[in-house]
Amino acid sequence: MSAAQPAEALRLADVLKAPGYLKTLLLCALVGIPVSLVAFWFLAGIHELQHALWSDLPHAFGWASAPWWWPLPLLLVAGVLVGLIALHMKGAGGHIPVASMGAGMGGASTAVLPGVVLAAAASLPFGAVLGPEAPLIALGGGLALLLRDLPRSPVTPQNTTLLAAAGAAAAVAAIFGSPLIAGVLLIELVGVGGVRLFAVMLPAMLSSGIGALVFTGFGQWTGLQIGKLNAKLPEPFARLDAPDVAWGLLIAVLVAVLQHSAMATGRAVATYVAGRTLVRTALCALGAGACAAVYALITGRDPQDVASSGQNTLAVLIADPQAWGIGALIAVVLCKALGYALCLGSLRGGPVFPALFLGAATGLLLSPLPGLGVVPGVAAGLAAATAVVLRMPVSSAVLVTLLMGNPAVTPLVIIAVVVALITTELLPGGPRPAG
């Protein structure tokens with residue numbers, strides 16, 4: 001053993017013996033319980049309201065399903081509500097989604113939590129092409145700090161950082177279904193090693209693990225639906241061939257260009273909205289509704305294929321790929337990409353889930369290429385989309401591998417992540433890593 005190794009071990013022991021660290025560690029473990037419960041009810045409430053607006057309400061008016069024009073009034077309402085929240089509440093309802101890409105798990109302050117929750121509730125159930133992950137992470141981090149303040153615990157830079165990370169990690173574990181994803185995300189986000197990484201990771205992993213247990217058990221007990229992220233394909237897959245890798249590289253480049261274009265448009269929309277928040281937010285939200293309406297009108301399919309995060313539609317898409325014709329896949333990719341870009345710069349939510357859907361749909365669209373197939377096509381598309389939006393290569397590869405549930409595609413996932421990141425960096429105006 002080298003001289004550096006025992007010195008490092010002593011430093012780790014010093015961290016554990018530091019005044020207040022073990023107390024903060026215990027508090028972080030306890031934080032995972034209420035954060036997971038709040039996350040559950042937040043997601044369940046969003047899911048139930050979305051079902052009421054898109055299914056129950058059309059049935060009440062006598063329609064078997066939402067008519068093609070249904071997204072127009074719903075997203076107009078969403079735009080007006082978000083515009084009002086942005087103008088009159090602290091924190092403007094949270095970050096504009098395109099500004100939070102690649103940003104991580106530092107939770108919102110307690111003062112802005114009401115606006116974050118209300119803006120998410122005004123966006124996601126009404127059909128915003130965004131996911132719940134960003135407001136949920138802000139909610140987890142902010143709630144952790146609120147719980148610290150309730151017993152009037154001393155406020156220090158250390159416990160503020162650790163508790164915010166622990167609360168956000170518990171929220172990530174809830175939304176992505178794995179404490180492992182939360183841990184890997186945090187490692188890449190913190191960007192440090194050695195003792196400093198150990199000090200942050202220990203409470204965050206503890207909180208996310210306990211939170212995931214509570215979240216899963218509570219969900220089974222209530223029987224309520226929250227909409228799970230699922231990308232497991234029914235088709236068996238044994239090994240990769242040379243055509244899988246070759247076509248996977250092409251898919252990674254195409255998905256990276258598509259996602260880059262959506263992000264660039266989203267930034268332009270955010271600049272446009274910044275001048276006159278209410279009117280322009282409503283117009284952009286209405287534009288996203290028009291994308292969903294046009295898709296439904298030309299394909300005869302459900303407008304919710306384009307509207308909303310794509311979280312539930314992703315599972316349907318992958319479970320039965322043959323139900324989607326080439327024309328429908330082209331239409332859903334183009335219409336959802338445009339609606340996504342409009343929502344990225346105007347409404348409130350997370351950028352990850354719609355990107356996953358667009359990546360999977362693009363991979364599925366190209367899966368008939370000679371020698372490719374559905375599984376490697378979807379894997380490459382998911383990996384590329386996740387890498388571009390997260391800007392974290394290891395986290396992206398781990399997330400997609402766990403979602404696919406098939407280790408045979410891991411090499412292709414890793415290659416697609418690298419190719420997508422290189423492509424976006426080389427494109428004009430390519431995004432820069434957060435930090």
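Is Cys284 buried or exposed? In this predicted model, Cys284 counts as buried, at 6% relative accessibility, where buried means under 20% relative accessible area, exposed over 50% and partly exposed in between (1.4 Å probe, protein chains only). Residues are numbered from 1 along each chain as its sequence is written, and side-chain values rest on heavy atoms, without hydrogens and water. Local features need pLDDT of at least 70 and side-chain atom pairs count only at pLDDT 80 or more, while totals for chains, interfaces and linings use all residues.

Turning to the cysteines, zero disulfides are found in the structure, a disulfide being a pair of cysteine sulfur atoms within 2.5 Å. For Cys284, the closest cysteine sulfur belongs to Cys343 and lies 8.9 Å away, too far for a bond. Cys335 is likewise buried, at 13% relative accessible area, and its sulfur is 6.1 Å from the closest cysteine sulfur, that of Cys291, again too far for a bond.

Phe61, Trp63, Trp69 and Trp70 make up one aromatic cluster.

Charges also meet rings here: Arg301 lies over the face of Trp324, 3.9 Å from the ring centre (NZ of Lys or CZ of Arg within 6 Å of the ring centre and within 35 degrees of the ring normal). The charged end of Lys336 sits over the ring of Phe357, at 5.1 Å from its centre.

Key:
Rings of Phe, Tyr and Trp (its six-membered ring) pair if their centres lie within 6.5 Å; planes under 30 degrees apart count as stacked, over 60 as edge-to-face and the rest as tilted.
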